[in-house]
Every structure is written in C-alpha cells, then in structure tokens.
Amino acid sequence: MMNMPDSNRDDQGIPKIRLGAAPTIRVAAKALIIRDAHILMTVNSEEIKRYYLCPGGGQEHGEDVRTALRRECHEELDCDVTVGEFAFMRDYIGADHEFPAHSWAHALETYFFCELAPGAEPRLVGEGDPWQTGVAWLSLATLANEPLYPKALVHWLAAPEGSRPGYLGNVN
C-alpha cells in the first residue's frame with residue numbers, strides 16, 4: 001500500500017463512498033500458506049481488538065490476480081511467494097454482516113494456495129495495511145478458537161479436499 005494521502009480513502013485506508021458514482025466491487029487476492037500444520041496469517045487491530053486475515057489484498061487496474069497476490073504478500077509479509085492452485089472464492093457484502101462501519105463494502109476475494117520462497121521468513125516491515133500489526137503462524141488444530149476472517153475458512157480447511165466448495169457465498 002502506498003503511504004501517500006488519498007482523498008478517495010478514509011484515515012484507515014478504506015475507500016470512501018462516492019455519492020452519485022456507480023457502485024464498485026473490490027476484487028482481492030488472498031494467500032493460503034500452510035506449513036507444518038500451521039497457516040500464515042496477518043495480525044490486525046481495528047474496531048475489534050485483534051483478528052487474523054489471510055495475507056493479500058486488492059487487485060489494481062491492469063494487474064492480473066496472481067501478480068496482485070505476489071505484490072500484496074511482499075507488502076504484508078516482506079516475502080516472495082509462489083502462487084499455486086486456486087482454492088476458493090467468496091463474496092463479502094458488508095451490509096449482511098456484523099460491522100456497521102463497513103456496511104457499504106462489497107468485495108470478491110479469490111484464495112490461492114501459495115508457498116513462501118525458499119528460506120523466506122515472514123515479518124512486518126510497515127508496508128502492509130494501516131491496521132496490520134504483525135504476522136503469525138496459527139495452528140490448524142486450534143484455528144476455530146481464533147478471531148479470524150473469513151470464519152468459513154475453518155470449516156473449508158477441515159473438509160476433505162475433494163468435497164471443498166469452490167465458491168463459499170456471501171460469508172464472513
């Protein structure tokens with residue numbers, strides 16, 4: 001994420017609603033990085049105390065989704081990644097979920113299995129999102145006990161590989 005002021009974003013970097021403008025859907029790419037029965041997540045603090053997200057973020061105009069995912073992972077993890085197979089997709093329509101401040105938001109997120117570059121160790125270097133406070137490896141065995149989004153990720157990961165849906169719907 002760039003550190004320059006942007007009049008189209010609020011003080012936390014969230015796009016503002018433009019009255020009279022056509023509604024937009026934010027397209028994002030997210031990484032599923034699993035190693036030794038742990039999943040790599042970004043640590044975040046905002047309205048709710050602490051929560052975890054898969055690394056990744058918004059696709060920029062003219063950028064394919066795999067390029068966006070590599071760029072976002074480099075910004076948030078300070079690591080290069082190899083983008084693998086498509087895992088699933090979800091919609092997030094803020095008005096249907098629990099965060100009133102994000103009721104205007106609509107995002108379509110694509111998730112891909114990824115691997116860290118050989119020898120890479122993720123760390124926060126200050127280029128991630130304003131609410132990102134770190135990175136963490138969370139145990140898959142206790143993932144259901146963690147405040148993470150999307151919550152549906154826990155059930156998706158627990159399902160047998162052949163029965164995992166490619167589209168999760170409008171979930172948080």
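1. Pairing of β6 and β10. Strand β6 (residues 81-93) runs parallel to β10, and the two are joined over two bridges. M89 has Y167 of β10 as its bridge partner. Two strands count as paired if DSSP finds at least two bridges between them. Strands are DSSP runs of E with at least two residues, helices are runs of H or I with at least four, and both are numbered from the N terminus.

2. Basis of the model. This is a predicted model, in which local features need pLDDT of at least 70 and side-chain atom pairs count only at pLDDT 80 or more, while totals for chains, interfaces and linings use all residues. Residues are numbered from 1 along each chain as its sequence is written, and side-chain values use heavy atoms, with hydrogens and water left out.

3. The sheet. Five strands make up an open, mixed sheet, in the order β5-β1-β7-β6-β10. Its edges are β5 (56-58) and β10 (167-170), each of which pairs on one side only. Neighbouring strands are turned against each other by 20 degrees on average, direction ignored. Axes here are lines fitted to C-alpha atoms, for helices over the stretch in contact, and angles run from 0 to 180 degrees between N-to-C directions. Strands of a sheet pair through backbone hydrogen bonds, either parallel or antiparallel.

4. Helix α1 on the strands. Residues 65-77 form α1. The helix lies across β1 (26-32), β5, β6 and β7 (106-116). Against β5 it runs at about 120 degrees.

5. Overall layout. The protein has two helices and ten strands. From the N terminus, the order is β-β-β-β-β-α-β-β-β-β-α-β. Of its 172 residues, 42% are buried. Buried means under 20% relative accessible area, exposed over 50%, and partly exposed in between, with a 1.4 Å probe and protein chains only. Among contacts (heavy atoms within 4.5 Å) with a separation of 6 or more, 68% join residues 24 or more positions apart.

6. The largest core. The largest nonpolar core holds 20 residues. Such a core is a set of buried Ala, Val, Leu, Ile, Met, Phe, Trp, Tyr and Cys residues joined through side-chain atoms within 4.5 Å. L32, I39, M41, F88, L153 and W156 have the most contacts inside it. At least two core residues come from each of β3 (38-44), β6, β8 (132-139) and α2 (152-158). The largest share, five residues, is from α2.

7. Leaving out residues up to four places away in sequence, I39 touches L32, I33, I34, A136, W137, L138, L140, L143, L153 and L157. Another core, of 14 residues, lies apart from the largest one and includes L40, C79, L116 and A120.

8. Backbone points to check. Most residues other than glycine have a negative phi, and most peptide bonds are trans. The Y149 to P150 peptide bond is cis, with omega near 0 degrees. P150 sits in the loop between β9 (148-149) and α2. D36 has a positive phi, near 50 degrees. The loop between β2 (34-35) and β3 holds D36, which is exposed at 67% relative accessible area. D78 also has a positive phi, of about 55 degrees. D78 is in the loop between α1 and β6, and at 23% relative accessibility it is partly exposed.
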